[in-house]
Amino acid sequence: MSRDLELKERWELLVEKLSVQFADGDDLDLDAIIYLVGVQELGQYHREYKKDEKLHLMHIAICRLLEPYGYYEFDFFDDDGWPHYKVKAELPALKAGEQSVLMKEALVGYFLEKEYIV
């Protein structure tokens, strides 16, 4: 099976599973799934987040998702338990479609690592 087809199938499986679990079956978009990873990485599940905290959660997720690619490295947890990352390498200039593919690939890899999908 080609790498692109495998990614597409795994992405569809991931969206389906997460959508059933968190959105009553309504398809979650890429940003919503990134947000869920941020909440997972923070570990503070049962609380309300302010708008700026939601942006920080997405930043945490992006750093964590791109860590295996060598772009970020975990640095420390602050006093409130929020993870912080440092930049190891600048992200290349990518077109919107390329960014989307990279993030889908990173998300699939993350959820494979967590054994949420196979």
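This is a predicted model: local features need pLDDT of at least 70, side-chain atom pairs count only at pLDDT 80 or more; totals for chains, interfaces and linings use all residues.
**Note on salt bridges and ring pairs**

1. Residues are numbered from 1 along each chain as its sequence is written, and side-chain values use heavy atoms, with hydrogens and water left out.

2. Arg64 and Glu41 are joined by a salt bridge with an N to O distance of 3.7 Å. Because Arg64 belongs to helix α3 (residues 51-66) and Glu41 to helix α2 (residues 30-42), the pair ties together parts 23 residues apart in sequence; helices are DSSP runs of H or I with at least four residues, strands are runs of E with at least two, and both are numbered from the N terminus. Arg64 and Glu41 are both buried (under 20% relative accessible area, with exposed over 50% and partly exposed in between, for a 1.4 Å probe and protein chains only).

3. Lys86 and Glu73 also form a salt bridge, at 3.4 Å from N to O, and this pair links strand β2, which holds Lys86, with strand β1, which holds Glu73, 13 residues apart.

4. The structure also contains 5 aromatic pairs, that is, rings of Phe, Tyr and Trp (its six-membered ring) with centres within 6.5 Å, stacked if the planes are under 30 degrees apart, edge-to-face if over 60 and tilted otherwise. Phe74 and Tyr85 make an edge-to-face pair, with ring centres 5.7 Å apart and planes at 80 degrees.

Notes
A salt bridge is a side-chain nitrogen of Lys or Arg within 4 Å of a carboxyl oxygen of Asp or Glu.
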